[in-house]
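Entries follow in the order I looked things up.

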Amino acid sequence: MTDKPADPQPGAGTAAPGPEASLPAAGPEAAGSNGRRAARKEGRSGLPWKRRKARPAGPHPGHRRAPGSATAPPDVRAAAPAAAPGAGARTAGGSALRRPLGIAAGAGLLAVAAAAAAAGSMTGTGSAAAEVPAVSAAVAAGNFTGVCPEPLKLLDSAADQTDPEFSPVSDSARTRARAVVVSDLGGRVPGSRLAVLGSRKPLVTIARSSGTAAEEARGSSEDGQTKLLAAVVPAQRLTAPTVLTVQPVAGRQALAGAAMTYSAADGDLRGLAAANCTAPANDFWVLGAATTVGAAAVLNLHNPTQTAATVDLELLGSDGPVQAAGARGLLLAPGESRSIVLGGLAAKQDALAVHVSTSGGAVSGTIQQSILRGLTPGGVELLTPSAGPSLQQVVTGVQIQAEELSRTLRGQRGYGSSSPALDVVVPGGQDASLQVRVFGEDGEVRLPGGGDLTAAAGSVTRVPLESLPAGTYTVQVTSDVSVVAAARLSRGTGRGEPVDLGWSPAVSRLGSEHLAIVPGGTQSRLVFAAPAKTAEVKLVPVDRDGNLGKERVVKVPAGTTVTVDPQARGADPAAVMVGATGDAVYGAQVLSGPDGPGIAVLPVPDGGQGRQSVPVHLGY
């Protein structure tokens, strides 16, 4: 989900003038005519009609001009020909235009809603709670918005307190973000920037605004050459939640993305954690939290929109719903962040799922999960949202260590949480009949018991995966009711040594255009799976200078998991453009640290072009 085109932020543009811009303002003559019609209507109905005062033409008082052009910072690397679009200040006409465009879009949505309601009324009255099937309403593309989580912090307050206090992490802790914005075919990079959440001052101006958000994409450069390139921010240091904002291109969302990584070689939060910088949403599930002794889980919520959000939390554990005071009606103002210690809401939970729903503004959310076994670090991870509830879930990038080493690790006292497992949540009120299938490099691998089981409604069911031999797998969950899923994995080096923790959320089917960021300072493996039928994946690397490499086509046989090394033969890509053809295929990226047992999983992000329509649900 993306926010509407950015309100007055430096570097952001506005829609180009369209037909609505030429509509005449209501004058005295029109006002008099409207008044007579209103009076006649009032006489017939007995109800007063009130006319809204017409807004004067020109920019809204709250809008500000963008600053003038300036040279891009040296840490942004973009390939020539023309590294960024020409500088342009935001115009008053663009601000004024947004109002008629918004009114026209609102009128379109009302017309669609009215048509659907009329259709429903002709089918009979039925019950008072009858529903009208959802209809789609086209919407204009807004800015691409990706929220990067804040750096991991060591919890320094009692585990049963909801509001956290933090202390320094370690001397070696490092948090970096990498961002990539792809140009149009003419080599023009859309206006884009990285900025701390709630701040108008950018950390990095990736490309300056062209002055209009609706400008047509160029099919070639000024010299007639077709050149697709990218602007790259290779390693931006983060100290707070940060937002990547990119203007749309020709009415469609730009292809862009960012990811952050955390690494530490010492301290209680030793390990590797990573997360994509994701778009805010009004409804999502995060799985994998634990609040048992030695485990700390902190839910971090961020509101990057211009609208206040009211947040409700639903907590489900292995024994069912967890009733918690203070989990509903949490207010998050625009540009605000909030951290919630989950141990204060749901203590002593070894498998906790969190459902976040909002009214008003959309929010992004991650859970900072860490484990400490006595004085030995047990791993860190940033838990990110899974694919929404569905009758089928696919979790890929499930990496299993050698069986002997895994047995040694989990055989230690207190190390049960280091064993690989699948968590399945049943949000509704009906138990789920599950079929769990596992696909490896050579095909399907059967689980003990055949993988058929029942999951209780309103709870988290954990399925052990420790019987799998060493390798990288994909887990497919099929159910008769909607479920959510994620898989736990870990990596260690030996008895008594630190262990790192990783979680792989369920992912959506790949489409024709995605951008997977390859974080610096890590070893990366792209993992793809086609559970049903054979598919193909096209991969195009983007180097740190913004140049696109040669396309590579990877065949994914039916019922297998395929691993690709994007860093083979010394390559060091900043990102990989991913496109899928054929049957359903799913993808993720498994990261490991250059030293130590670090592990993390990044899903291949949703397609860059975004959704061009939204469902409208009606009922009476």
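I started with strand β32 (residues 535-542) and strand β35 (residues 575-582), which pair antiparallel over eight bridges. Strands here are DSSP E runs of at least two residues, numbered from the N terminus, and two strands pair if DSSP finds at least two bridges between them. I looked up A535 and found G582 as its bridge partner in β35.

This is a predicted model, in which local features need pLDDT of at least 70, side-chain atom pairs count only at pLDDT 80 or more, and totals for chains, interfaces and linings use all residues. Residues are numbered from 1 along each chain as its sequence is written, and side-chain values use heavy atoms, with hydrogens and water left out.

I then traced the open sheet of four strands, ordered β30-β35-β32-β33 with antiparallel pairing. β30 (514-517) and β33 (552-556) are at its edges with a single partner strand each, so one side of each has no neighbour in the sheet.

Next I checked β31 (residues 523-530): six of its eight residues are buried, so the strand is largely enclosed by the rest of the structure. Buried means under 20% relative accessible area (1.4 Å probe, protein chains only). β31 runs antiparallel to strand β36 (residues 586-592), joined by seven bridges, and F528 has G587 as its bridge partner there. β31 also pairs with strand β34 (residues 560-564), antiparallel over five bridges, with T560 as the partner of A530.

Last, I looked up Q476, in strand β28 (residues 471-492). Q476 counts as buried because its relative accessibility is 8%.

Definitions and conventions:
Buried means under 20% relative accessible area, exposed over 50%, partly exposed in between (1.4 Å probe, protein chains only).
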